[in-house]
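Welcome, and take a moment to look over the sequence and the model before reading on. The paragraphs below walk through the fold step by step, starting with the whole chain and ending with a few single residues.

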Amino acid sequence: MGRDRRRLGPEEEALWSAVKRTVEPLRPADREPPHPAVPPVPEAVPPPRSDISAVTPKPVPPARPAMPSLHPLGRRDRQKVVRGLTGIDARIDLHGLTQDEAHARLSGFLARSQGLGHRVVLVITGKGGRGGGFEGLHVAERGVLRRVVPLWLSLPEFRRFVLGFEDAHLAHGGEGALYVRIRRRKP
């Protein structure tokens, strides 16, 4: 089964040549020599301005250092913590605190933990009430700390202390607690 190949007509040849010029080959060896490009048209130069701002460049603000990335516990490290082979160095319970109180206590706790050389700490946020039934309709929103503490741990102010975090195992509070890896203090 062979294919009958026909020759391209002059119009088809011109069209095919135009298409070939717009396509870049996958392999450099297949490339054809570049076609002569049309020289760019010089743009008009605006007349010089007399005010000083045109002459003085604006100062460039220094680049912010990149925020360190978060690294949660690895599978083996998590197993060691859950089984008690690696201890939790410290724990803080934020139950019953307002967001402002919890934020201040968490910040101080993480700073102290880093200063003491702790590696893994447990932050207990609580699971929050389910708010089921009639009573749940009239109670203020619950479980706020459970939602905002992971957001706080991702903020730049906490990233200097926090290497990573993840939900704790059921033995340590499950969804209502977080394992937090503490970043080593720079000498």
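Two residues are in contact when they have heavy atoms within 4.5 Å of each other. With that in mind, consider the contacts in the chain between residues at least 6 apart in sequence: 65% of them join residues at least 24 apart. A word on the model itself: it is predicted, so local features need pLDDT of at least 70 and side-chain atom pairs count only at pLDDT 80 or more, while totals for chains, interfaces and linings use all residues. Residues are numbered from 1 along each chain as its sequence is written, and side-chain values use heavy atoms, with hydrogens and water left out.

The chain contains six helices and four strands. Both are DSSP runs numbered from the N terminus, helices being H or I over at least four residues and strands being E over at least two.

How are the strands arranged? They form an open sheet of four strands in the order β1-β2-β4-β3, with mixed pairing. Two strands count as paired if DSSP finds at least two bridges between them. At the edges sit β1 (90–93) and β3 (162–167), each of which pairs on one side only. Neighbouring strands of this sheet are turned by 20° against each other on average, direction ignored; such angles run from 0 to 180 degrees between N-to-C directions, with axes fitted as lines to C-alpha atoms, and for helices over the stretch in contact.

Strands of a sheet pair through backbone hydrogen bonds, either parallel or antiparallel. Here, β1 and β2 (residues 120–124) run parallel and are joined by four bridges, with R91 standing opposite L122 in β2. By contrast, β2 and β4 pair in the antiparallel sense over five bridges, and I124 has A177 in β4 as its bridge partner.

A residue is buried under 20% relative accessible area, exposed over 50%, and partly exposed in between (1.4 Å probe, protein chains only). In β2, five of its five residues are buried. Both faces are covered: V120, L122 and I124 lie on one side, V121 and V123 on the other. The chain reaches β2 from β1 through α3, and this β-α-β crossover is right-handed, meaning that, with the strands pointing away from the viewer, the path from the first strand over the helix to the second runs clockwise.

Helix α3 (residues 99–115) lies across β1, β2, β3 and β4, running at about 175° to β1. Helix α2 (residues 75–83) lies across β2, β3 and β4 (177–182), at about 120° to β4.

In soluble globular proteins, nonpolar side chains tend to be buried together. A nonpolar core is a set of buried Ala, Val, Leu, Ile, Met, Phe, Trp, Tyr and Cys residues joined through side-chain atoms within 4.5 Å. The largest one in this model has 22 residues, and L110, V149, L153 and V180 have the most contacts inside it. The elements giving two or more residues to this core are β1, α3, β2, α5 (144–153), β3 and β4. Its largest share, five residues, comes from α5. Apart from it lies another core, of nine residues, among them L73, V120, A177 and Y179. If you pick out V180, you will find L110, L153 and F165 among the residues that V180 touches beyond four places away in sequence.

The loop between β3 and β4 is worth a visit too. H172 has its place there, and H172 counts as buried because its relative accessibility is 19%. Leaving aside neighbours within four places in sequence, H172 is in contact with V81, V82, I88, L122, A177 and Y179. G174 lies in this loop as well and, at 5% relative accessibility, counts as buried.

Finally, which side chains form the salt bridge? The side chains of R6 and E12 do, at 3.0 Å, N to O. A salt bridge is a side-chain nitrogen of Lys or Arg within 4 Å of a carboxyl oxygen of Asp or Glu, and the structure holds one. R6 is exposed, with a relative accessible area of 60%, whereas E12 is partly exposed at 34%.
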